[in-house]
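Reader: Can you walk me through this one? I would like to go contact by contact.

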Amino acid sequence: MNFMELKCSKEVILMITYSYALYSSLSPGMQAYLEGLTALHSAVAQADGYRAAGLHVRREPVESVHHVVRVHPVTGWKSVYVNPGFTLRILGVPN
C-alpha cells in the first residue's frame, strides 16, 4: 500500500482538521510564541500500558522532540502538533 491509498478514519480527519483550526484561532502573538517551541513526544506510557494489560507491544517505544507548530509542505498551512496521549511536555516552558 502506498501513502496515497491510506484511508483515514473520521476521527483522524477531525483531529487533523482541529489542529489547523486551533492554530488559526490563536492570536498572532500566541502563534509566534508557539512557533518557536518544541515538545517531547513519547510512546513509552502507551507501551507500558499495553504490557501491564498483557497485550503485545508491536515495537519498542520511542521518544522524540518535534516542533509544536508544523507546516504542511504543500499548502503551507500551519497546525498545532501536540496531543495529550503522547506529548509529555513543551520544552522550555515551566510547569
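**Contacts, sheet and charges**

Author: Ser 79 touches Ser 19, Tyr 20, Tyr 23, Val 68, Val 69 and Arg 70, leaving out residues up to four places away in sequence. Contact means heavy atoms within 4.5 Å. This is a predicted model, in which local features need pLDDT of at least 70 and side-chain atom pairs count only at pLDDT 80 or more, while totals for chains, interfaces and linings use all residues. Residues are numbered from 1 along each chain as its sequence is written, and side-chain values use heavy atoms, with hydrogens and water left out.

Reader: Is Ser 79 buried or exposed?

Author: Ser 79 is buried, at a relative accessible area of 3%. Buried means under 20% relative accessible area, exposed over 50%, and partly exposed in between (1.4 Å probe, protein chains only).

Reader: And which strand does Ser 79 lie in?

Author: Strand β4. Strands (E, at least two residues) and helices (H or I, at least four) are DSSP runs, numbered from the N terminus.

Reader: What does Val 71 contact?

Author: Val 71, found in strand β3, is in contact with Gly 76, Trp 77 and Lys 78, leaving aside neighbours within four places in sequence.

Reader: Switching to aromatics. How many pairs are there?

Author: The count comes to one aromatic pair. The ring centres of Tyr 20 and Trp 77 are 5.7 Å apart and the planes stand at 80 degrees, so the pair is edge-to-face. The rule takes rings of Phe, Tyr and Trp (its six-membered ring) with centres within 6.5 Å; planes under 30 degrees apart count as stacked, over 60 as edge-to-face and the rest as tilted.

Reader: Where do Tyr 20 and Trp 77 lie?

Author: Tyr 20 is in helix α1 (residues 10-25) and Trp 77 in the loop between β3 (69-71) and β4 (78-80), so the pair ties together parts 57 residues apart in sequence. Trp 77 counts as exposed, at 55% relative accessibility.

Reader: What lies over the face of Tyr 81?

Author: Arg 70, at 4.1 Å from the ring centre. A charge sits over a ring if NZ of Lys or CZ of Arg is within 6 Å of the ring centre and within 35 degrees of the ring normal.

Reader: OK, salt bridges. How many does the structure hold?

Author: Three. A salt bridge here is a side-chain nitrogen of Lys or Arg within 4 Å of a carboxyl oxygen of Asp or Glu. One of them joins Glu 35 and Lys 78 at 3.2 Å, N to O. Glu 35 lies in helix α2 (residues 28-35) and Lys 78 in strand β4, so this pair ties together parts 43 residues apart in sequence. Glu 35 is partly exposed at 34%, and Lys 78 is partly exposed at 29%.

Reader: What does Arg 51 bridge to?

Author: Arg 51 forms a salt bridge with Asp 48, with the closest N and O atoms 3.5 Å apart, and another with Glu 60 at 3.2 Å, N to O. Shared partners join Asp 48, Arg 51 and Glu 60 into one network. Glu 60 counts as exposed, at 58% relative accessibility.

Reader: Last topic, the open sheet. What is the strand order?

Author: The order is β2-β1-β5, with antiparallel pairing. Strands pair if DSSP finds at least two bridges between them. β2 (63-67) and β5 (87-91) stand at the edges with a single partner strand each, so one side of each has no neighbour in the sheet.

Reader: How many bridges hold β1 and β2?

Author: Strand β1 (residues 38-42) and β2 pair over five bridges. His 41 has Ser 64 in β2 as its bridge partner.
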